[in-house]
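Trainee: I have a structure open on my screen and would like to learn how to read it. Could you walk me through it?

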Amino acid sequence: MATIIKDKKLAADPWLRLDAGADGAAPVIPAQGDVIVPLAVWQAEREALLARIGGRIGIRVNGDEEPSSFADDLRHFGVVAVYFKTFTDGRGFSLGRLLRERYGYRGELRAIGDIFRDQLHFLAGCGFDAFELREGESALEALAGFRVFSETYQASTERPVPLFRRRHSASADGVERPKNA
Amino acid sequence: MYQYDEIDQRMVNERVAEFRDQTRRFLAGKLSEDDFRQLRLRNGLYIQRYAPMLRVAIPYGLLSTLQLRALANIARTWDRGYGHFSTRQNIQYNWPRLEDVPDILAELASVQMHAIQTSGNSFRNITTDHFAGVARDEIVDSFVWCEILRQWSTFHPEFTYLPRKFKIAVNGATADRAAIFLHDIGLQAVRDSTGYIGFRVIVGGGMGRTPIVGQVIREFLPWPHLLTYLEAILRVYNRYGRRDNIYKARIKILVKARTPEVFREDVEAEWAHLKDGPATLTAKEVARVESRFTRPQHERLPGDDLLHLARLDAEPAFAAWAKRNVHSHKVPGYAAVTLSLKKTGVPPGDATADQMDAVADLAERYSFGELRVSHEQNLILADVRQSDLHAVWIAAKSLGMATPNIGMITNIIACPGGDFCSLAFAKSIPVAQAIQERFDSLDYVYDIGELDLNISGCVNSCGHHHVGHIGVLGVDKDGEEWYQISIGGNQGLTRPGAPAAVGKVIGPSFSRAQIPDVIEKLIEVYLERREDQEERFIDVVRRTGLEPFKERVYGDHHQGQKARGRSLAAA
């Protein structure tokens, strides 16, 4: 099993990612095991996949996918894997927040593709809790990416209450201090 | 001056540590050139023609003297003794070494400054009126709203990788001194009939290759909704803005493609989900940010200073400077002063480390230890007692910063151009210099009156040529530098009359040597056509159209072209 980052720790990945073949042919789905299939495969094979009892189902979507096109099925998925063709394609960040905040998705939200440590903090802010790094990246070293920033100003999926509302509750002069200080 | 609290400081420090680590990884070969490029751009670091260029943010153009001295120190220690104040109220260093940049950022952090998001496809420095807080036509103090937006736009997790750069301007006064119709988002503070504060929201303006005047998508946004509404705009843009072509990736293209009406509906639909959510601003937060600004403690003065008025009568040179470079102030007995960085022969916006230190001395002595950078690339002492103006003038003269040309043709806005920038097609600084030399008679300059002349070395339009009453754009023709002239551009309603507008090109381009002659011809037409001194160049262009100007500049050749056009149309 491959190593991924899950909940800010290293984890073995139980999921088998099935991508379309080079010729665009639908992948063969094994009877047993947890599998992640492209959204199109899910849409084409929905009934068969729902009837499958040998493992859980996850889907893979691109960052520019409309969440409304699969939102009704979210309860069936153990993973939604958002694919970043390049890390600078910011659409997946908005998709993450929409899935978490508007569609109430609670399962694993995984960033895949051109992902490395310098994006982890921001992706976590958008609701991603799992990361499959690109080839050649050390997942262990990448964990440092979660420790770069100790705060964010904005409301985010990770911290639904923006800093300015927490500053006040934290102290009278508007400066937040740790509880044990 | 906004004073960081412990959290603001911590975030800036953490950013320095992050960039130090990224630089280390890059130099150790662990980050590729391409990956590092994206990361360094988020810290204002470009690789330029001769060396890296570091752009440091001066949030909404406001600086303390402590910060200005630190900028001088950086220029001396890590650069070649000077910096360039840009049209975005930032400062740029043209000669730092990559290895030194983490140390420079640490030095900046020690005075509550940074280079965060000064380049790359993210939120850029929020800009505003350089007379915020002192203008007589103030509606709100825009600095407070700018700082709220600075915090909201810093490291926003969702909007870390936008389709393209994103510029927000806030105007808190009646006159638009922030060019809000030429930004991705422009915010105009307004008060309703009860005095309640809101914002007129303008979206999709901008310069660059496709200059467009922005569209009002909301007339009155009550202030508590400011962040949720902007979040809705940004989400629509982040998801649907084009990413396949960088020249079509700005929000203005999306607004145009969808039409402003449809774009507005998209934003409203998104906002319906975000409205009244946790990001809704509170009065407490606005008061907190406001209270973290140190404010000049003005003396109670009876009104205009009599000795000052007497000096204006007695010393014509002082009076000339005061007329152009001194501006009215909302507090009786005070004035704002522009220190000109537009001396002939010096690149517009450049200041040496010694000049920065000297200006810091002046600001400490005469203006409560604060100053501003204007988007016209000058420095402003915003709170000077009228009784001190004469002393400030004497000091400014000795610094070469008393050129009495603010608002005049020789107060040229120009980008660094081909002398420094790898993007530029053509040089801009020698052009500015040639124009300033041609118009070296102050009497003539004053007779011409208010005129914005802006020069960009390429279509990226960092010199804002589109909104110059006269705009000069460097273009490349078969590897040679040529210049296109446009007229009729305007940065906004700085006073009643001409609204924000994009200039129109008058015709084929010119060689560099021809430019002063061409400008002079345009001015001649204006002087002949104006009805009185009050009618500015831009007003005449609006009234008469381009034709009289074209005729004078292109002469018979232009007549021939028109005739050909007619015969072609008839054929």
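This is a predicted model: local features need pLDDT of at least 70, side-chain atom pairs count only at pLDDT 80 or more; totals for chains, interfaces and linings use all residues.

Trainee: How many helices and strands does chain B have?

Mentor: Helices (H or I, at least four residues) and strands (E, at least two) are DSSP runs, numbered from the N terminus. Chain B has 18 helices and 20 strands. Its radius of gyration is 23 Å, close to the 25 Å from the globule rule for 571 residues, so chain B is as compact as a globular protein of that length. That radius is taken over C-alpha atoms, and the rule is 2.2 Å times the number of residues to the power 0.38.

Trainee: What share of the residues in chain B is buried?

Mentor: A residue is buried if 20 or more other C-beta atoms lie within 10 Å of its own, exposed if 12 or fewer, and partly exposed in between, with C-beta atoms placed from the backbone. In chain B, 55% of the 571 residues are buried.

Trainee: Which strand order does the open sheet of five strands have?

Mentor: Strands of a sheet pair through backbone hydrogen bonds, either parallel or antiparallel. Here, two strands pair if DSSP finds at least two bridges between them. The order in chain B is 3-14-15-12-11, with antiparallel pairing. Strand 3 (62-64) and strand 11 (326-328) of chain B are at the edges with a single partner strand each, so one side of each has no neighbour in the sheet. From one strand to the next, the twist averages 35°; axes are lines fitted to C-alpha atoms, for helices over the stretch in contact, and angles run from 0 to 180 degrees between N-to-C directions.

Trainee: How many bridges join strand 11 of chain B to strand 12 of chain B?

Mentor: Three bridges join them, and the two strands run antiparallel. B:Ser328 stands opposite B:Ala335 in strand 12 of chain B.

Trainee: How many residues does each chain bring to the contact between them?

Mentor: Two residues are in contact if their C-beta atoms, placed from the backbone, lie within 7 Å. Chain A gives 31 residues and chain B gives 32 residues. On the side of chain A that touches chain B, helix 3 of chain A supplies the largest share, five residues. That side of chain A divides into 13 nonpolar, ten polar and eight charged residues. Ala, Val, Leu, Ile, Met, Phe, Trp, Tyr, Cys and Pro count as nonpolar, Asp, Glu, Lys and Arg as charged, and the others, Gly among them, as polar.

Trainee: Is A:Gly145 buried or exposed?

Mentor: A:Gly145 counts as buried because it has 23 C-beta neighbours inside 10 Å. A:Gly145 lies in the loop between helix 5 (139-142) and helix 6 of chain A.

Trainee: Which residues does A:Gly145 touch, not counting residues up to four places away in sequence?

Mentor: A:Gly145 touches A:Arg117, A:Asp118, A:Leu120 and A:His121. A:Gly90, 55 residues from A:Gly145 in sequence, is 18 Å from A:Gly145 in space, C-alpha to C-alpha.

Definitions and conventions:
Residues are numbered from 1 along each chain as its sequence is written. Chains are lettered from A and ligands numbered from 1 in the order in which they are written.
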